[in-house]
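User: Got a minute to go through the charged pairs and the surface with me? I have the structure open.

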Amino acid sequence: MKKEILIRTDGDNVIGFGHSVRSYALALMLKEDFTITFFCKQIPDFLQKEIIEAGFKLIKINNEEKFFKALKPEQIIILDGYDFNMLYQVKVKEKGCKLVCIDDLSNQEFIADLIINHSPGIKANYYKAKPYTMFALGPEYILLRPAFLKRINTQRSIEKIENLLILFGGSDPKCFIEKTLMTALKFKEFKRITVVTGADVEICDKLRSLISSDLRIKHSYNL
């Protein structure tokens, strides 16, 4: 029988979709060797559909106790989110599970068996962890879905930097797209400005007007 992995992650238009999307990417890498179940409080409809169609099980929960009750010894638990503090980790380990934390802040103590952080320049000594903790650090361990991984080995020759891509993921609660685009339009060096808005980005009248104000701008929505 395949070993079982439980992934606890969330995604919505406030916290963004990054945690849930990269957890899904990791699941796709591991699906041939493990049985994988997602546990989520919030998950966007489009990603929930993708996860289920990929053959994974997804369980919606309204409290953490429902997740803890599902834990069994010898399972591998993957946590991806900013709310899984030391107390949460202890509860997982007390169940006899192996613990993997996907992290990009290194701002708390960890008792995980493995920490994954694909940020450039990150080092193990940035973390307060246990002697047994193993690390998968740096871009070599980047969590991308297959379509993006296929592009990694594509060789390109870039002679001029004339194109700008503005993309802030599936949601943009702080209006970074609008602010960045307003700045980008001041630079005539850009011959083309591509703006991609995610599924939960609200395209307000001001942003819509900004996008249509310059012929250099190409806008794509919910790719």
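User: Which helix do Asp205 and Arg208 lie in?
Analyst: Both are in helix H7, residues 205-211. They sit three residues apart, about one turn of the helix. Keep in mind that this is a predicted model.

User: What do their side chains meet in?
Analyst: A salt bridge, at 3.3 Å from N to O.

User: And Asp205, buried or exposed?
Analyst: Exposed, because its relative accessibility is 63% and the cut-off is over 50%. Arg208 comes in at 44%, so it counts as partly exposed.

User: How many salt bridges in total?
Analyst: The count comes to 13.

User: Take Asp104. What is its salt-bridge partner?
Analyst: Arg22, with the closest N and O atoms 3.1 Å apart. This pair links distant parts of the chain, 82 residues apart. Asp104 is in the loop between strand S5 (98-102) and strand S6 (114-117). Arg22 belongs to helix H1, residues 18-30.

User: Why does Arg22 count as buried?
Analyst: Because its relative accessibility is 11%, and buried means under 20%. Asp104 has 28%, so that residue counts as partly exposed.

User: Back to that S5-S6 loop. Which residue does Asp113 meet in a salt bridge?
Analyst: Lys93, at 2.8 Å from N to O. Here too the pair links distant parts of the chain. Asp113 is in the loop between S5 and S6, while Lys93 is in helix H4, residues 86-94. The two are 20 residues apart.

User: Is Asp113 buried or exposed?
Analyst: Buried, at 15% relative accessibility. Lys93 counts as partly exposed, at 24%.

User: Switching topic. Which residues make the nonpolar surface patch?
Analyst: Met29, Leu149 and Ile152 make a patch of about 250 Å².

User: What is the relative accessible area of Met29?
Analyst: 38%, so Met29 is partly exposed. Patch residues need over 30% relative accessible area, which is why that value lets Met29 pass this cut-off.

Key. Residues numbered from 1 in each chain as written. Predicted model: local features only at pLDDT ≥ 70, side-chain atom pairs only at ≥ 80, totals over all residues. Heavy atoms only, no water. Salt bridge = Lys/Arg side-chain N within 4 Å of Asp/Glu carboxyl O. Helix = DSSP H or I, 4+ residues; strand = E, 2+ residues; numbered from the N terminus. Buried < 20%, exposed > 50% of the residue type's maximum accessible area, 1.4 Å probe, protein only. Patch = residues over 30% accessible without salt bridge, like charges linked within 9 Å, V, L, I, M, F, W, Y side chains within 5 Å. Areas by Shrake-Rupley, 256 points an atom, 1.4 Å probe, with all protein chains shown as cover.
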